[in-house]
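Dear colleague,

I am handing over the structure below, and my notes on it follow. Please read them beside the coordinates.

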Amino acid sequence: MSILAIDQLYKRYGRIEAVNKLSLQIERGMVYGLLGPNGSGKTTTLGIIMGILSPNSGTYEWFDGKYGNNPRRHIGTLLETPNFYPYLDAIDNLQLIAHIRKVKHPNLGEVLDLVNLSHRKHSRFKTYSLGMKQRLAIAAAMLGDPEVLIFDEPTNGLDPQGIAEVRETIQQIAQSGKTILMASHILDEVERICSHVAIMKNGKLLATGSVGAILSQDPMIEMACDDNKALATLLQSQHMVTKIEEKPNTLLVHFKEAIPPSLINELAFKNQLTLHYLAAKKRSLEAEFLEITQNPKTPKLLNS
Amino acid sequence: MLHLLQLEWLKWRRHRAFQIFMVAYAILLPAGLLLGKQLPDLPDPIGTTEVLFIFPTVWQYLSFVGNWVSFFLFGFLSIVMVTSEYSFKTVRQNIMTGLTRKQFLLGKIYLFGLLALLATLYYTVVALGIGYFHTDVIRWGKVWQNASYIPRYFLLCFGYMSFGLLVGFLVRRTGLALFLYFAYATIGELILRWGIHFQLIQNKTIHYYPIKSFSDLSPLPFQNLAEEFMRKEGFPLFLGQTEVFIVAIIYIALMIFLVFRRFLKVDL
């Protein structure tokens, strides 16, 4: 079943095109990362699909239209900053959210345990630290067991411990089989948590696909010896090699398919080159991300 | 409707300004009138201060006090209840959590309607109470003679809150909204009416303004002033009995309509 279908969404602020003809399809059970630098249109996109911003054109549909024009009660959302009534405590704030969602017997204790806030449930929201506020927002999103969760930069502004806690919480939720849509500019976060990723820049979709598909580029081995030039010449004659990138002190060699590094070592040694560095590399999402966002004219991997 | 009112109750029951203003209203409304006991005898044609407290004139004088109290307290409160949803960003959160925009607005309108109703109920009880203890001979015909002040009082409260609703949703910032509310009501509209409108057209259309219509629901109890104005200008100082109902209701409807038109579309 389709959870969310976005079709040609377009939104602009004056001359700035915040979201430019964005189309996206999210299926049940996906953990979808919306990745892009700051100002790439991630939050605007989420704002539109959550009904707080109106698009200039384009459409979106939640749950195949199952819940009519108000599907948001079935979606847990944390957009940008946590927004609560500062003079109310955690319980009152959560009860208010449960009331809007029409949750009959809200699982308040359960969600507060999940985000580790039970000991502060009777403190007013304004007395919370930023990390606690963020965790309360996650608890609020989880109330009533919604089918989909949306997190926008969930670790923004948190200290290292807070980041770890929030990530762990989201990973737990993801493992429970919920559909998650998460916007982030932190690649590592997306790489760890998400199953699928869409990369945005300047409001445009540059690439989408499973994290695996975007990651499964040529296998690479990074190596170095005393004479890197000779090594490069040697490798260029090998049919397995597709590309050699010369780095300051090392060579990054791309292969058609994965080969054991020991073969390289053997080959080099036979040719009187002694390697002092040899490491198999996985192309990281970070590298992919930089490459894609810096060359917006080559939208490869679309729907791969 | 009940669901939305319950939601507003969850939002505001622990809000300090809300609590203080409710208590303040409960105290100021009777206290404002009873201050009249400190006054020396009034100038002609009123004479003694007794008229302030006896049936049927107690309705009129109490609503005159209530006019001022409501203008400040309920106007202020309605603005704060709208703009703090913006400053806490809870308006966004409410919508994202699952309220429709229409529900969000209706919640506020129902809330203000209920507050106006409660305020009116309290006004009625206080008027009956004060009247009962100050009128020597209670005759039911006299007691209810000015009872039309009850629906007027409701419209007056709801009118100020509708104006607060409009200003709050248009301006979004608490301080600026409060300033504009008070500045328009105290000076702005007077300039519009007397400074501009009256210079162009000298007839009763200078009264067809929102704040004027709300406050005319409870006109100044100075009859001689009104008569003198009538003699000089050739048209009355206050809107007529039925007229004032119509004008006030039209303005309330217009304000609510404008808020709907804006809020249903605007980016939050």
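In this predicted model, strand β1 (residues 2–13) of chain A pairs with β2(A) in the antiparallel sense over 8 bridges, where pairing requires that DSSP finds at least two bridges between the strands, and Ile6(A) stands opposite Leu24(A) in β2(A). Helices (H or I, at least four residues) and strands (E, at least two) are DSSP runs, numbered from the N terminus. The open sheet has 3 strands in the order β2-β1-β4 (chain A), with antiparallel pairing, and its edge strands, each paired on one side only, are β2 (16–27) and β4 (57–62) of chain A.

In chain B, helix α3 (residues 57–87) and helix α8 (residues 174–200) pack with their axes 9 Å apart and at an angle of about 150°; axes are lines fitted to C-alpha atoms, for helices over the stretch in contact, and angles run from 0 to 180 degrees between N-to-C directions. That angle makes α3(B) roughly antiparallel to α8(B), a term that applies over 145 degrees, whereas under 35 counts as roughly parallel, 65 to 115 as roughly perpendicular and the rest as oblique.

Residues are numbered from 1 along each chain as its sequence is written, while chains are lettered from A and ligands numbered from 1 in the order in which they are written. As the model is predicted, local features need pLDDT of at least 70 and side-chain atom pairs count only at pLDDT 80 or more, whereas totals for chains, interfaces and linings use all residues.
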